[in-house]
Amino acid sequence: MPVETGTENQAPQREAPQRESQAPQPAGIVERLVRDDSDRKRFLKMAGSAGAASFGAFVLAACGSSKSSTTATSASAPASTATTSSSSASTGDIGILNYALTLEYLETEFYSKVIAAKLFSGAVGALLEDFGAQEASHVAALKAAVIQLGGTPASKPEGKFPITTAAATAELAYTVENLGASAYLGQAALIQSPQVLASALAIHTVEARHAATLGTLVKKSVTPDGAFAKPADMSTVLAAVKPFLA
Amino acid sequence: MSNQELTNPELTGIEVHGHTRASFILRGALAAGAVYGTTAVAPFVSQALAVSGGGDAEILNFALTLEYLEANFYEVKSKQVGLSGMAKTYAKEFGEEEEQHVLALTAAIKQLGGTPVAKPTFVFPATNQQSFLALASVLENTGVGAYNGAAPSLQSKAVLASAGSIVQIEARHAAAINLLISKSPTPNGGFDKPLTKTQVLAAAGPLIKK
């Protein structure tokens, strides 16, 4: 990940991806949009291409890393020409939808593993099964939305999640859901289509509900950001999920 | 979702995403169905539309009314009813957060050149903790639907980002309250339903005295 030289952050960026990354202090809206826009363009170059076989390469491209391994780059065939039939508005939205789809794939897999581990039962177990089903419905909806816009859905990444004790797993779920909520919030202002925006908003608040629920489970705040949820930009979120990619 | 007949002539010329408001509504372009028109529910509604000047300020004024409602509910009604345990904890914490929403929306409306609505008077039919929490659930879940319904109509992306930042909090509140009363934290399943202004007023209108 490139070290950010933007002026809005006071603390130096950590180079290693953070496992439990907090959303950054909100930059000025203009700086954030500019930064997000260049991340988004890198992301959608991979997202729109049928050759994005390796999600690892995909993440590296999105983060703008110049140190991608030869294996990763040779496995992928990034098309420098994005689909030309879509309008630029659709192309941008396709990139955002594919980014969301990737996160939803990871969340779905996470919940599958949690449920398979049988760490939770009763009401809590039922809630987590519900949440897993909801994430799966997000995957389906986002895939359909990408296709409807004429794009190619991002491929399902392979995830790896440390599932140990119930307590640790619940903490991880809390982190993941808070991250998901902040990821959607971080993209809302960048979406061009009102219909795509309406869908993203409908999912965004469900992730927030998940996060709050996990908060009650782990006895942490249901509103860790206080009165105003903090958005997280694409590079921050992708760095945070990197440890969960196999 | 049904389209509301446009009855306020002041709104017809206002552009929403490049279309005039009338054509925007007629095309049903907005999937969320957040259609604005005057209703006969309360004179308050016409007043809000008249003072706010239309556009984003109008939408934020609607949100501000709901935030005033929630803040008052958590801060004042809670004490009349008498709460204990997590209900009391949430009322205090959430009340403070709704109060911050009031301040932020008031500032945003002024920044847009609009006039923030005056704080209304409310009447809440809750007599004990159980009915208080039941009503809290209605208010918070309605708030989520209200913001999600209105947000796609916002013209300014900066205002949209702020609205998103607020609605996420309402969703967190809604989930927490629902869990407290053994309701599903995700009553709409995987996708929260956007509400039209009419639907929101059906839930909140009766609580607004003037």
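The legends below describe close-up views of a predicted model.

Residues are numbered from 1 along each chain as its sequence is written, and chains are lettered from A and ligands numbered from 1 in the order in which they are written. Local features need pLDDT of at least 70 and side-chain atom pairs count only at pLDDT 80 or more, while totals for chains, interfaces and linings use all residues.

**View 1. Chain A is made of eight helices and zero strands.** Helices (H or I, at least four residues) and strands (E, at least two) are DSSP runs, numbered from the N terminus. The order of elements in chain A is α-α-α-α-α-α-α-α. Of the 246 residues in chain A, 50% are buried. A residue is buried if 20 or more other C-beta atoms lie within 10 Å of its own, exposed if 12 or fewer, and partly exposed in between, with C-beta atoms placed from the backbone. Among the contacts in chain A with a separation of 6 or more, 76% join residues 24 or more positions apart. Two residues are in contact if their C-beta atoms, placed from the backbone, lie within 7 Å.

**View 2. Confidence in chain A has a mean pLDDT of 77.** pLDDT is the predictor's confidence in each residue, from 0 to 100. In chain A, 65% of the residues reach 70 or more. Over residues 1–39 of chain A pLDDT stays under 50, and the model has 53 contacts beyond four places in sequence for them. Residues 42–85 of chain A also stay under 50, with 84 such contacts.

**View 3. Helix α5 of chain A covers residues 122–148.** Its 27 residues reach 39 Å from first C-alpha to last, close to the 39 Å expected at 1.5 Å a residue. The expected span is 1.5 Å times one less than the number of residues. Buried residues of α5(A) include A:Leu128, A:Phe131, A:His138 and A:Leu142. The buried residues of α5(A) pack against α4 (88–116) and α7 (194–218) of chain A. Just after α5(A), A:Gly150 has a positive phi of about 90°.

**View 4. Helix α7 of chain A is mostly covered.** In α7(A), 21 of the 25 residues are buried. The end C-alpha atoms of α7(A) are 36 Å apart, which agrees with the 36 Å that its 25 residues should span at 1.5 Å a residue. A:Lys219 follows α7(A) and has a positive phi, near 60°.

**View 5. Helix α3 of chain B covers residues 55–81.** Because 22 of its 27 residues are buried, α3(B) is largely enclosed by the rest of the structure. α3(B) bends by about 35° at B:Phe73; the bend is the angle between axes fitted to the seven residues ending there and the seven starting there. After α3(B) comes B:Gly82, with a positive phi near 85°.

**View 6. The contact between the chains takes 32 residues from chain A and 35 residues from chain B.** On the side of chain B that touches chain A, α4 (85–111), α5 (129–150) and α6 (157–180) of chain B each supply at least two residues. α6(B) gives the most, with 16 residues.

**View 7. The largest nonpolar core has 106 residues.** Such a core is a set of buried Ala, Val, Leu, Ile, Met, Phe, Trp, Tyr and Cys residues joined through C-beta atoms within 7 Å. Among the members that touch the most others are A:Leu97, A:Ala200 and B:Tyr147. α6(B) provides the largest share of this core, 13 residues.
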